[in-house]
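Dear colleague,

Please find the structure below, handed over for your own work. The findings follow after it, grouped by topic.

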Amino acid sequence: MTGTATKGIVLAGGRNLRLHPVTVSVCKQLLPVYDKPMVYYPLTTLMLGGVRDVLLVSTPRDTPRLEELLGDGSQWGMQIRYAVQNEPRGIAEAFIVGRSFIGESAVALILGDNIFFGSELSQKARAAIHGNRGATVFTYPVQDPRHFGVLQLDANGRPLAIEEKPPKPKSNLAVTGLYVYDNNVVEIAESVTPSDRGELEITDVNRVYLRQGRLDAVQFGRGMAWLDTGTPESLLQASLFVQTIEHRQGFKIACPEEVAWRMGWIGDEELAGLASSFSGRPYGSYLETLLADPSSTANGYAD
């Protein structure tokens, strides 16, 4: 990848029908996953990949609420902007909505309900972003791949085929909701024909790169966790997972203040100021602990 720094998009739109009635009045990205809003998790995944310029794409109703939560990102040494997707017309439409934001840059896209965790996350995300030569997808082995986009690899580990929710999958590698693309993705997304459900499918975009021989795959294995929070059951499971890790290991998952500080985007003074805004609460106490003993909670963050 060459040119300007890679930008990031968090797609936080959709109707969230599977979570009704919980999401009748609020988007799922504002729901808590244990002790933090859901949107913190995909946002910090991009941060761990070194992405500092981010666009949040959401609905007309929810965009102001997300902006109220996240602001302009300057508190974390970032720039966060916002765009509206009037109707859920597919993942690939995010590139069309974000055309002016992307400009001449490469772009990383993450779905707003995907949670990634593991010691290799930062290293693999940064390597994929800096080494991207067209498009990069991240895969994860699942027991029942019929519910996912499925990637098939050849004998050399190169992408061979990609199918959307195949009845008879040829692989157990599900394509997760994290993607990296070069600047051609905007033009490709605009050329894609809507599917039978009237959406611009991200699988169709990936197939264009596959035909061009410019699709790469990064495999997440046993040392990683990938959680989708689109149903009541999976949302509860994600919260319990985060609670278990945080209580047993003593560090927080998806804490943007910590990620920004460890990435060097903010300094001790800025972190202290953010900690004071949560004074008297466990979240603020955790940030204060970072300043008192920076090495005590380093695992799992930018290293």
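The largest nonpolar core has 63 residues, and Leu-56, Leu-70 and Trp-76 have the most contacts inside it. Helix 1 (residues 40-48) supplies the largest share of this core, with 6 residues. A second, separate core holds 31 residues, including Ile-9, Tyr-181, Leu-200 and Ile-202. A nonpolar core here is a set of buried Ala, Val, Leu, Ile, Met, Phe, Trp, Tyr and Cys residues joined through side-chain atoms within 4.5 Å. Buried means under 20% relative accessible area, exposed over 50%, and partly exposed in between (1.4 Å probe, protein chains only). Helices (H or I, at least four residues) and strands (E, at least two) are DSSP runs numbered from the N terminus.

This is a predicted model, in which local features need pLDDT of at least 70 and side-chain atom pairs count only at pLDDT 80 or more, while totals for chains, interfaces and linings use all residues. Residues are numbered from 1 along each chain as its sequence is written, and side-chain values use heavy atoms, with hydrogens and water left out.

Leaving aside residues up to four places away in sequence, Trp-76 touches (heavy atoms within 4.5 Å) Tyr-40, Leu-43, Met-47, Leu-70, Pro-256, Glu-257, Ala-260, Trp-265, Ile-266 and Leu-274.

Next, the aromatic pairs. Rings of Phe, Tyr and Trp (its six-membered ring) pair if their centres lie within 6.5 Å; planes under 30 degrees apart count as stacked, over 60 as edge-to-face and the rest as tilted. By this rule the count comes to 11 aromatic pairs. Phe-95 and Tyr-181 form an edge-to-face pair, at 5.3 Å centre to centre and with 80 degrees between the planes. This pair links distant parts of the chain, 86 residues apart: Phe-95 is in helix 3 (residues 93-97) and Tyr-181 in strand 11 (residues 173-181). Both Phe-95 and Tyr-181 are buried. Tyr-140 and Trp-226 are also edge-to-face, at 5.9 Å and 65 degrees. Since Tyr-140 lies in strand 8 (residues 135-141) and Trp-226 in strand 13 (residues 224-228), the pair ties together parts that are 86 residues apart in sequence. Ring pairs also link Phe-95, Tyr-179, Tyr-181 and Tyr-209 into a cluster.

As for charges, the structure holds 19 salt bridges (a side-chain nitrogen of Lys or Arg within 4 Å of a carboxyl oxygen of Asp or Glu). Lys-28 forms one with Asp-113, the closest N and O atoms being 2.7 Å apart. Lys-28 lies in the loop between strand 1 (7-11) and strand 2 (32-33), and Asp-113 in the loop between strand 6 (107-111) and strand 7 (114-118), 85 residues apart. Lys-28 is buried, at 9% relative accessible area, and Asp-113 is buried, at 9%. Asp-35, Lys-36, Glu-246 and Lys-252 are linked in a network of salt bridges.

Arg-61 is found in the loop between strand 4 (53-58) and helix 2 (63-70). Arg-61 is partly exposed, with a relative accessible area of 36%. The side chain of Arg-61 meets that of Asp-62 in a salt bridge (3.1 Å, N to O), and Asp-62 counts as buried at 2% relative accessibility. Arg-61 also touches Thr-23, Val-24, Ser-25, Val-26 and Cys-27, not counting residues up to four places away in sequence.

Yours sincerely
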